[in-house]
Amino acid sequence: MTNLYLFIKAIHIISFTAWMAGMFYLPRIFVYHSEEKLNIYTYKKFLIMEKKLIKIIMTPAMLATWLLGFALILINNSIELWLLIKIFFVILMSACHGFFVKCYKDFYNKKNKYSSKFFRIINEVPTFLLVVIVLLVVFKPSF
């Protein structure tokens, strides 16, 4: 393995770690944001927190994860079945990211229709997806 490959791999790992941190934290913010009886100052404070998390951390980290992942595929010059399955689960993680962005927009437009209980449950989806993705990468099963 060349140093370039290892550098890209390291930045890829850092990127997905930052992305996952946001994916775990944002729905937790939604839990508290969705609670009733928030004063306008607190409501707006949650909007600021959510927007910064999405725009400054999560979305750039997601894009870097995708770009660097494709760079690693190109450098390796091979695609195995486990990798295709992993990409499928990363697509699901990206869809979850998109859903969280939609939830933020709903809060911004004061159209949130989900309860704090819903956000507590949906908070587990990125964890499940991450476990599957990591297991695929570590074990690289041949089906």
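Helix α2 bends by about 40° at I54, the bend being the angle between axes fitted to the seven residues ending there and the seven starting there. The model is predicted: local features need pLDDT of at least 70, side-chain atom pairs count only at pLDDT 80 or more, and totals for chains, interfaces and linings use all residues. Residues are numbered from 1 along each chain as its sequence is written, and side-chain values use heavy atoms, with hydrogens and water left out.

The chain has five helices and zero strands; these are DSSP runs, of H or I over at least four residues for helices and of E over at least two for strands, numbered from the N terminus.

At the start of α2, the backbone nitrogen of Y41 has a side-chain oxygen of N39 within 3.1 Å. Just after α2, N77 adopts a positive phi of about 60°.

| Item | Value |
|---|---|
| Helix α1 | residues 3-33 |
| Helix α2 | residues 40-76 |
| Angle of α1 and α2 | about 150° |
| Distance between the axes of α1 and α2 | 7 Å |

Axes are lines fitted to C-alpha atoms, for helices over the stretch in contact, and angles run from 0 to 180 degrees between N-to-C directions. Helices α1 and α2 are therefore roughly antiparallel to each other, a term for angles over 145 degrees. By class, the contact of α1 with α2 comprises 28 nonpolar, seven polar and two charged residues; Ala, Val, Leu, Ile, Met, Phe, Trp, Tyr, Cys and Pro count as nonpolar, Asp, Glu, Lys and Arg as charged, and the others, Gly among them, as polar.

How values were computed
Angles under 35 degrees count as roughly parallel, over 145 as roughly antiparallel, 65 to 115 as roughly perpendicular and the rest as oblique. A polar contact is a pair of N or O atoms within 3.5 Å; within protein, one must be able to donate a hydrogen and the other to accept it, and residues adjacent in sequence count only if both atoms are side-chain atoms.
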